[in-house]
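Let's work through a few exercises together. Have a look at the sequence and the model, then try each task before reading its solution.

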Amino acid sequence: MNKIQPLDQVRTIVASALNRAAKVRKNFESFLTETMILILTIYGRLSCLSMARYGGSCESRFRQNFKREFYWCAFNSGMPLEEAGHRCAIALDHSFLCKSDGKTPGLVRYWSGCAGTVKRGLEILGFT
């Protein structure tokens, strides 16, 4: 029986999404594939140091490639979700950081649902 291993499936999904989304160099494609696999397999906090520890590349490769410009929206829209055969969901999460100093840029008042009042701070939006 020819079973596809889950990490091999991640490699094929990332490669097909990159082919659909944008032209990238081969070394960036291998970097992105390795990064996606490490994100799925490392337990705990993710950093360039921990990815270098558990991955096959050095820490500077992760730092340099994360500094490069990359269009994540085109990559995510190029994901072959209909071929995966699984249900997919998109999640949106609002978070709030309380800030009291006047030197932080973008500081405004937001409704805090936990406190039930308006607070001064920064709003963070997480999109998954």
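Contact means heavy atoms within 4.5 Å. This is a predicted model, where local features need pLDDT of at least 70 and side-chain atom pairs count only at pLDDT 80 or more, while totals for chains, interfaces and linings use all residues. Residues are numbered from 1 along each chain as its sequence is written, and side-chain values use heavy atoms, with hydrogens and water left out.

**Exercise 1.** Find which residues of H2 meet H4, and work out how the two helices are oriented.

*Solution.* Step one: helices are DSSP runs of H or I with at least four residues, numbered from the N terminus. Step two: from H2, Asn27, Phe28, Ser30, Phe31, Glu34, Thr35 and Leu38 meet Arg61, Phe62, Asn65 and Phe66 of H4. Step three: the axes (lines fitted to C-alpha atoms over the stretch in contact, with angles from 0 to 180 degrees between N-to-C directions) lie 11 Å apart at about 110°. Step four: H2 is therefore roughly perpendicular to H4, a label for angles of 65 to 115 degrees.

**Exercise 2.** Which residues have the most contacts inside the largest nonpolar core?

*Solution.* Step one: such a core joins buried (under 20% relative accessible area, 1.4 Å probe, protein chains only) Ala, Val, Leu, Ile, Met, Phe, Trp, Tyr and Cys residues through side-chain atoms within 4.5 Å. Step two: among its 18 residues, the answer is Val14, Leu18, Leu32, Met36, Phe62, Phe70 and Phe75. Step three: H2 supplies the largest share, six residues.

Definitions and conventions. Buried < 20%, exposed > 50% of the residue type's maximum accessible area, 1.4 Å probe, protein only. Parallel < 35°, antiparallel > 145°, perpendicular 65-115°, else oblique.
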